[in-house]
Amino acid sequence: MMKYQLGVAVSDTEYLRRLADYIRDSKYSEHWQITAFTHAEACKRYMGQGYKLDMLIAQPVLLAEIKPVLPRLTVIALVLTFGESTEEHELQQYQPLPRLLQRMSEIHARSTVLSAQAPTIEDRAGGTQVLAVYSASGGTGKTGLALHIAHAASMHRFRAFYLNLERWNSSESWLGPNRGEEFQKQEARKEEGLSELLYCIKTQSGQAGKWLLEHRKRDALLGADYLALCTNLEDRLTLSEEDTAWLLEAISASGQYDLIIVDMDSDLDGTHMSVFEKSNLVLWVSNGSASARQKQNMVLRYGEQKWDERFTRMLGKFTYVNNQAVSNQTVGFREMAERDPVSFHLPEIADWRGASDVKLLSSPLYRAAADQLFKQLFLEGEGMIAE
């Protein structure tokens with residue numbers, strides 16, 4: 001994954017060492033490459049030799065010397081007290097490093113969104129991929145697979161966003177009980193999430209990227225971002241094709257993600273069609289039971305009857321996944337095999353069967369299988385990603 005180049009100009013060498021060590025050993029190493037300077041001349045000489053910086057953080061006294069030769073980039077003054085500099089962005093030098101880096105990333109992300117004309121998904125050649133996870137019947141383990149794919153993506157340095165578009169969002173059965181005291185305190189509040197982003201898109205579309213960057217939530221275990229649930233369930237029930245397309249555009253156009261994983265419910269309507277069309281790939285999940293196979297075949301026939309060529313054009317994006325497979329024997333998806341002979345088989349985890357709450361990433365076997373699926377789709381089998 002591409003890394004941003006961060007320049008830090010501070011006269012205190014010990015401070016620079018601690019900052020560099022923290023970035024190297026934290027999640028920020030996935031996105032930032034740090035170059036440190038203790039003198040203004042060293043920074044000026046570095047840029048004079050043609051090296052690129054995406055953002056510069058500097059003490060005001062050093063920044064005053066560097067600014068005459070600065071190209072156009074985001075600048076943050078590292079101050080002892082706010083108001084010490086004339087820069088638009090100031091951060092206090094002596095504060096917990098996690099908070100400093102979080103605020104730094106937010107400033108850079110917001111500056112990136114505001115300084116660029118946001119492209120559409122179709123215009124982002126080699127940019128954000130969209131992966132939809134779908135099933136024609138409930139209970140196939142679709143949400144668990146989607147979350148494990150998000151984790152696998154983060155392990156391979158993909159910047160991932162998990163978007164749950166189920167009418168009745170079940171992701172809390174995975175996330176909620178295992179998040180610790182801090183998460184429980186956050187969830188006790190009515191947090192702004194999908195409902196508010198949809199409102200922002202409809203009323204102030206130019207601010208959607210900025211809103212997303214300020215309100216997205218980070219899951220440390222998954223290594224992925226997501227949004228809080230709809231504060232008004234009616235917003236999800238009335239979600240239209242156009243709303244769905246705008247939502248995916250806003251997340252993609254933020255420029256912050258390599259992969260959006262869309263977790264969908266088992267219906268098939270205009271919202272699903274919009275997601276399918278925007279997706280590079282659709283994982284169609286079954287559990288191998290006769291009932292699940294029958295429902296999937298019925299949904300395929302319904303899609304062809306209702307949307308005709310619009311639906312059949314998307315069949316090449318569908319990759320069929322047998323989740324909760326009891327054995328390694330190939331499951332005979334007769335009609336599916338005619339469309340796509342390649343099926344993936346994920347193991348059934350006995351401890352999850354019938355459990356009221358499931359601890360996320362609790363099975364090394366399933367985690368390894370999901371990782372292998374991700375690698376085959378995005379790393380080893382690039383030809384499988386529909387363009």
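**First stop: a buried pair**

Select Lys278 and Glu249: both are buried (under 20% relative accessible area, with exposed over 50% and partly exposed in between, using a 1.4 Å probe and protein chains only). This is a predicted model, where local features need pLDDT of at least 70, side-chain atom pairs count only at pLDDT 80 or more, and totals for chains, interfaces and linings use all residues. Residues are numbered from 1 along each chain as its sequence is written, and side-chain values use heavy atoms, leaving out hydrogens and water.

Now show the side chains of Lys278 and Glu249, which form a salt bridge at 3.1 Å, N to O (a side-chain nitrogen of Lys or Arg within 4 Å of a carboxyl oxygen of Asp or Glu). Lys278 sits in helix 12 and Glu249 in helix 11, 29 residues apart (helices are DSSP runs of H or I, at least four residues, numbered from the N terminus).

**Next: the two helices**

Select residues 241-253 for helix 11 and 270-278 for helix 12; they pack at about 35°, with axes 8 Å apart (axes are lines fitted to C-alpha atoms over the stretch in contact, and angles run from 0 to 180 degrees between N-to-C directions). Among the residues in contact are Thr244 and Leu248 of helix 11, and Ser274 and Val275 of helix 12 (heavy atoms within 4.5 Å).
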